[in-house]
Amino acid sequence: MKTKIHLLTLFFVLIALCLTAAVGDQDPLAALLNEDIETVRINLNTWGASLGFESEFDGDDPRLEPLIAVIKGAARGGGHKCPNMGAIRLRMAGGGVVGLGLLPSHSQGLYGFRLYDGDVFLGAYIVPRSLFLSALEGLGVPMDDPAFNE
């Protein structure tokens, strides 16, 4: 009887480990952006005599499509010690928030951001700089902000 219990316990532990590994392989960015986006809020930090920038968009605004496409195509990037220079918050239909902490650029041709599920940090990501900035510029975000210095 003890052998059967040990075998059943081992079986359930293996199943749990396999399920955890499968969930861990999911791309959190893709999973977070599968819900409907209700609103997108973009904030850039204050600097010098500037008050920064702030704007909010309805989730169905067609000008958001290039930005969402770039974000969905992001790749995991390395760590980053600099503070966020601004944020993009996507409020989802289910009530959750997907956050991007905008990072100063240190790599030619790339732009980095920290990804958050609400307040929970999920990792650092990178996107093609030109595509990301073009998508933001199409939303009226000022490109002379220090958040976009190279």
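Biologist: In what sense do E1 and E2 pair?

Modeller: Strand E1 (residues 37–44) pairs with E2 in the antiparallel sense, over six bridges. Pairing needs at least two DSSP bridges between two strands; strands (E, at least two residues) and helices (H or I, at least four) are DSSP runs numbered from the N terminus. This is a predicted model: local features need pLDDT of at least 70, side-chain atom pairs pLDDT 80 or more, while totals for chains, interfaces and linings use all residues. Residues count from 1 along each chain as its sequence is written, and side-chain values use heavy atoms, without hydrogens or water.

Biologist: Which residue in E2 is opposite Ile-42?

Modeller: Ser-55.

Biologist: What order do the strands take in the sheet?

Modeller: E2-E1-E4-E5-E6-E7-E3, seven strands in an open antiparallel sheet. E2 and E3 (75–76) are the edges, each pairing on one side only.

Biologist: Switching to H3, which residues are buried?

Modeller: Leu-67, Ile-68, Val-70 and Ile-71. Buried is under 20% relative accessible area, exposed over 50%, partly exposed in between (1.4 Å probe, protein chains only).

Biologist: Where do they fall, seen down the axis of H3?

Modeller: Within an arc of 160°, so they line one face of the helix; the arc is taken from directions between the helix axis and the C-beta atoms. Glu-65 and Ala-69, on the other side, are exposed.

Biologist: And Asp-61, buried or exposed?

Modeller: Buried, because its relative accessibility is 16%. Asp-61 sits in the loop between E2 (53–58) and H3 (65–72).
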